[in-house]
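Biologist: Please take a close look at one part of this model, the contact between the two chains. I would like a connected account of what makes it up.

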Amino acid sequence: MSMSISRRSMAAGVLTSAAILFNVVVADPAAAARPKNLNTSLDRLTDQGVFRISIQSQAQPIRLWRVHQWTVRVTDGQGEPVSGAQLAIDGGMPQHRHGLPTAPRAEPAAAPGDYVISGMKFSMPGWWELKLGVTAPDGRADRITFNVVL
Amino acid sequence: MTARRIAASAAFIGVLAAGAAASRPVWSSAERETLRSLWLGAAEAPPADPTNRYADNPAAAALGQSLFSDTRLSANGEVSCASCHQSDHGFTDTLPTGQGVGTGNRRTMPVTPAVYSPWQFWDGRADSLWAQALGPVENPAEHGFTRTEVVRVIAAYYREPYEALFGPLPDLSDEARFPLRAAPGGDDAAKAAWARMSTEDQTAVNRAYVNFGKSIAAFERTLTVQPTRFDAYVAGVLGKGPYVSLSSDEIAGLRLFMGKGQCANCHNGPMLSNHGFANTGVPARPDLPADVGRSAGVRAALADPFNCKGAYSDAPKACDELEFAVVGSHEQVRAYKVPSLRGAAQRAPYMHAGQFASLEEVIDHYSRAPQAPDGESEIRPANFTLKERRQIVAFLHTLDDGRAPHEQ
């Protein structure tokens, strides 16, 4: 009995070592921290379902180091455009513990519910989070985290 | 018989070729993409500088080249830009910190890759090459000079090329209006002299001083980054040139650079720099004043009258980097410029104040990833073996600049 336990723990030890080794050997060790099935949709409901937000880079493809703009469309539960909202932008690379290299700002665009985020920049390939906080003029507020993989 | 011999030789050559091909490293498509991203052959032309309308003017570059190595532009007549930015050392020197009329607090940076960067200096306190060039001239530890002195040197020795480009120099003959030594940031006497000048006269001096900086920037923009053995290797891998082999250590080092070491995360793109700033826990030098890096640098850039949005910029509306600069982030404490690694193996010592004497010390630092003296280090220990350290050094030497006389 004790023999089989020690064998089992040995086996577990080997497995652990193998896991550590694997972490060291893979091309991008930090990739292990990237969630599987990362939702990279850029057209989604906010966390509490208050708004639907669709975002798109005006630069295609997105090039590293270039300051560029994104277009944002905010609609509510009825699909009505939400104009006059305040948009707060944040983000960064969760795997590398740093934020965005710039401080982007959003301004209303011509069409109702449309906004333009200026000052976006990415400085590394990989998984970026783009976090939007939205506060409508009537006080409804919600947030969302988009995932952008470069 | 002859035919059989030929066939046998052909078969033998075939085996040799197959053997050579088999020994070539195999790269996945993702790795090939990373290799391509680091390759100078894929680099775009340096970004234009609309804030300097003379940026690509050959006459301005020629004037700038002369000014770059003119020691008359210093308090003791012995210091020029070229004193620290030595052309045979990748436009840097071999000292921990710059040595001008005094000893500076920061390692001299190489000039050539700077044209690709939106921010200059280790802390990015200047947002253009021309704004950068104006800093060291008035730094008491570097040129120890003042802008009124600069304009007088130009009037005495460079009047013709200057006026052909920029129009008439201000007349500084009235020393009551234009003191010999006057600068807003010089020693106390120079500051007091500057404060006594009229705003109009200050502006006239500033304009000429800025044109001096723009000429130097135009010269710096003519310095091109040259392809290295690494670029020749990648060209071969991508089928864009003949195959050039690297040693097994160099290849292993390249794999570590892109993989386990995660070096290529920040040292990305054809300059092997993301032109950003990072706190990597580099130790503070106890003999130097407190230094918070980018935290202070971004504020200095925003306050600089010579920045992109200032009165001396030729494109004050095209200032995205300054307009959207991060200010006041904890991440900026002791964050310093991610330097280009092109030619890095040839320019010890390393880091913003020459803290590490050798590449081995640099790699040991990344292997251990100690806590930052202030702020928070972004890196985690890479735990390199001795063999891996040797391999990374070997790889970094594939980025050596072939023009330097002391290498290889």
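**The interface of chain A and chain B**

Modeller: In this predicted model, K121(A) and E321(B) form a salt bridge through their side chains, with 3.0 Å from N to O. The count of salt bridges between chain A and chain B is 4. Polar contacts across the interface come to 9 residue pairs, both residues being at pLDDT 80 or more.

On the side of chain A that touches chain B, strand 5 (98–99) and strand 7 (114–120) each supply at least two residues. Sorted by class, this side of chain A holds 13 nonpolar, 7 polar and 6 charged residues.

As for extent, chain A brings 26 residues to the contact and chain B brings 26 residues. The area buried between the two chains is about 2,000 Å², and carbon and sulfur atoms give 48% of that area. Of the area that chain A buries against chain B, 30% comes from W65(A), R97(A) and R105(A), more than from any other three residues.

Strand 5 also belongs to a sheet within chain A. This open sheet has 4 strands in the order 5-4-8-9, with antiparallel pairing. Strand 5 and strand 9 (141–149) are at its edges with a single partner strand each, so each has one side without a neighbour in the sheet. At the strand 9 end, strand 8 (residues 127–135) and strand 9 of chain A run antiparallel and are joined by 9 bridges. W128(A) has V148(A), in strand 9, as its bridge partner.

Terms used:
Residues numbered from 1 in each chain as written. Chains lettered and ligands numbered in written order. Predicted model: local features only at pLDDT ≥ 70, side-chain atom pairs only at ≥ 80, totals over all residues. Heavy atoms only, no water. Contact = heavy atoms within 4.5 Å. Buried area = accessible area lost by both parts, 1.4 Å probe. Polar contact = N/O pair within 3.5 Å; in protein donor to acceptor, adjacent residues only side chain to side chain. Nonpolar A, V, L, I, M, F, W, Y, C, P; charged D, E, K, R; others polar. Pairing = 2+ DSSP bridges.
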